[in-house]
Amino acid sequence: MKICDAQGWRRHVRLLSPFLAAACCLSGFFLLSALSQTSAAGQADLSGYWVLRTPRGDGTYRDTYLNLKQSGDSLTGAIVGFGPRAIPIGGTFTDGKVHLASLPPAASSPAAARGFSFFRMAYDGVYQDGKLKLQTENFRHQIQQGIAERTTRGATLPPAPPPLPALRDLPDNGLARTPPMGWNSWNKFAGKVDDATVRSMADAMVSSGMSKLGYVYINIDDTWEGGRDAEGNIVPNKKFPNMKALADYVHSKGLKIGIYSSPGPKTCAGYEGSFGHEMQDARTYASWGIDYLKYDLCSAGGIYKTSPEVLQALYQKMGQALQESGRPIVFSLCEYGDADVWKWGAKAGGNLWRTTGDIQDNWARMDKIGFSQLDIAGYARPGHWNDPDMLEVGNGGMNADEYRTHMSLWSLLSAPLIAGNDLRSMTEETKSILMNAEVIAIDQDPAAKPVKLLSKQGDIEILWRPLADGSVAVGIFNRGEDSATGSFSWSSLKFGSSLKFGSSLNLGTPSGGLLARDLWKHQEIPVTGDRFSAVVPRHGVVLLRISAASHGARE
Ligand code: GLA
């Protein structure tokens with residue numbers, strides 16, 4: 001403990017009081033001021049490590065570690081801790097009043113701009129009785145009050161990485177034969193999710209008709225965690241009074257329930273992670289009746305090396321724990337696509353793996369994430385899926401054309417369809433997008449063949465995918481800012497030898513014997529001439545399913 005804070009000062013004053021009495025006679029104020037490490041202006045020196053504890057209102061606290069350096073009235077330093085990097089911070093300390101703001105690094109790309117590290121945090125308050133009473137405006141513009149006390153550098157350091165299991169290929173758990181479909185709390189509710197919200201979302205999943213279309217998982221994302229009991233068992237926070245009862249409720253609706261954790265000590269929202277408790281947590285989830293786990297790297301990224309081998313071992317540890325938990329649990333890997341997770345995710349027991357940073361409810365981000373997936377499409381296969389993140393359909397940041405593009409693209413990619421909106425208050429338009437059975441059928445196609453680029457014409461990109469019944473899905477996407485015409489020749493679809501589809505068909509003319517259907521207009525379209533061509537609105541899509549007439553792919 002340095003003697004520059006008030007508590008330390010008082011302790012030292014107690015120890016040194018006999019000397020102080022004499023010293024005061026000799027040099028009075030000057031020595032006292034040196035011992036208290038006050039500045040020339042009479043202020044304390046805030047230099048050193050602090051932990052700011054901010055109550056979240058759910059019985060838990062967010063701990064933020066600050067390393068401050070004071071020079072005159074000016075403060076510099078960093079927010080430090082379990083994250084992979086320190087975030088620079090700067091501000092002032094004047095007349096007992098503290099102002100600090102984080103200076104987040106510029107994200108190299110929107111894809112990199114994920115999480116807390118890239119948001120500017122402001123801290124304002126006073127220094128009193130050796131503590132900093134600070135008010136924080138977090139990145140969701142919520143005001144939170146907390147108290148910072150001095151701590152040591154040691155408390156800010158990540159724990160040493162424990163040994164990881166030797167790599168081995170875990171057996172396939174037999175789950176998620178088609179891409180998982182459901183709902184997740186994060187995109188709409190983030191830290192505001194609670195028991196009542198989850199129950200009402202399960203109700204809405206059924207009453208809206210979504211469950212009949214295959215949406216079955218109700219997934220609780222980050223911020224449900226409380227801490228650990230005396231035996232080290234994970235317990236939920238006040239927002240979730242009884243996880244087992246909640247799981248029973250969701251099951252009573254014919255649905256399944258998912259939960260969230262991290263291989264690190266802290267989740268991305270700073271809640272309790274599974275670090276060192278992997279097997280124990282897997283057993284707890286099984287005892288509650290959990291059916292799906294999203295396992296998010298978060299603070300583990302600051303503890304372990306993020307090489308492919310280490311990440312695989314880290315996820316294998318939980319994958320194995322889930323497989324030994326006695327309950328079938330879908331394992332969803334979330335490490336943002338680092339270290340080519342699509343190459344080893346299945347070996348670690350993964351049923352799906354995030355391939356990108358976080359989605360946002362805007363065109364630029366969705367477009368960037370969605371169209372970055374083509375090269376790895378071949379890694380998706382029954383039981384093991386590329387996950388370009390959850391859906392934003394219905395959250396309000398994109399228009400209907402853009403949401404139709406989102407849904408069409410995710411379906412062509414065989415991506416998990418995990419809705420992220422409020423299912424209780426969907427507009428008819430939102431329902432028509434999320435609940436388009438013909439588009440869902442593309443996503444859930446049992447053949448799970450990779451989507452391919454058919455052609456690129458300026459801002460138009462045409463993707464296609466052969467389907468299990470011999471038909472073909474074609475998406476004509478307009479990524480540009482103005483409406484544009486896209487076209488392809490019927491013969492370019494290569495019914496026949498290269499894909500062994502329709503090889504017995506005598507197509508005669510290029511379009512002969514074909515049936516085509518527009519999956520957003522829900523109508524057959526004429527198949528004539530050599531080419532199909534359509535005007536596609538800005539950011540929009542025309543999605544077709546084309547089959548050979550004799551196959552009768554469309555009943
Ligand atoms: C990360 C994940 C998100 C969400 C949050 C929760 O950012 O990528 O999907 O789970 O953590 O804190």
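**Reading a helix pair and a ligand site**

Modeller: Let's start with two helices: helix 5 (residues 195–207) and helix 6 (residues 243–252) pack at about 10°, their axes 9 Å apart. This is a predicted model, where local features need pLDDT of at least 70, side-chain atom pairs count only at pLDDT 80 or more, and totals for chains, interfaces and linings use all residues. Residues are numbered from 1 along each chain as its sequence is written, and side-chain values use heavy atoms, leaving out hydrogens and water.

Colleague: How is helix 5 oriented relative to helix 6?

Modeller: Angles under 35 degrees count as roughly parallel, so helix 5 is roughly parallel to helix 6.

Colleague: Which residues of helix 5 and helix 6 meet?

Modeller: Contact means heavy atoms within 4.5 Å. Here Asp-195, Val-198, Arg-199, Ala-202 and Asp-203 of helix 5 meet Ala-245, Leu-246, Tyr-249 and Val-250 of helix 6.

Colleague: What about polar side-chain atoms of Asp-296?

Modeller: A polar contact is a pair of N or O atoms within 3.5 Å. One such side-chain atom of Asp-296 lies 2.9 Å from a ligand oxygen; for Asp-221 the distance to a ligand oxygen is 2.6 Å, and for Arg-354 it is 3.2 Å.

Technical notes:
A polar contact is a pair of N or O atoms within 3.5 Å; within protein, one must be able to donate a hydrogen and the other to accept it, and residues adjacent in sequence count only if both atoms are side-chain atoms. Axes are lines fitted to C-alpha atoms, for helices over the stretch in contact, and angles run from 0 to 180 degrees between N-to-C directions. Helices (H or I, at least four residues) and strands (E, at least two) are DSSP runs, numbered from the N terminus. Angles under 35 degrees count as roughly parallel, over 145 as roughly antiparallel, 65 to 115 as roughly perpendicular and the rest as oblique.
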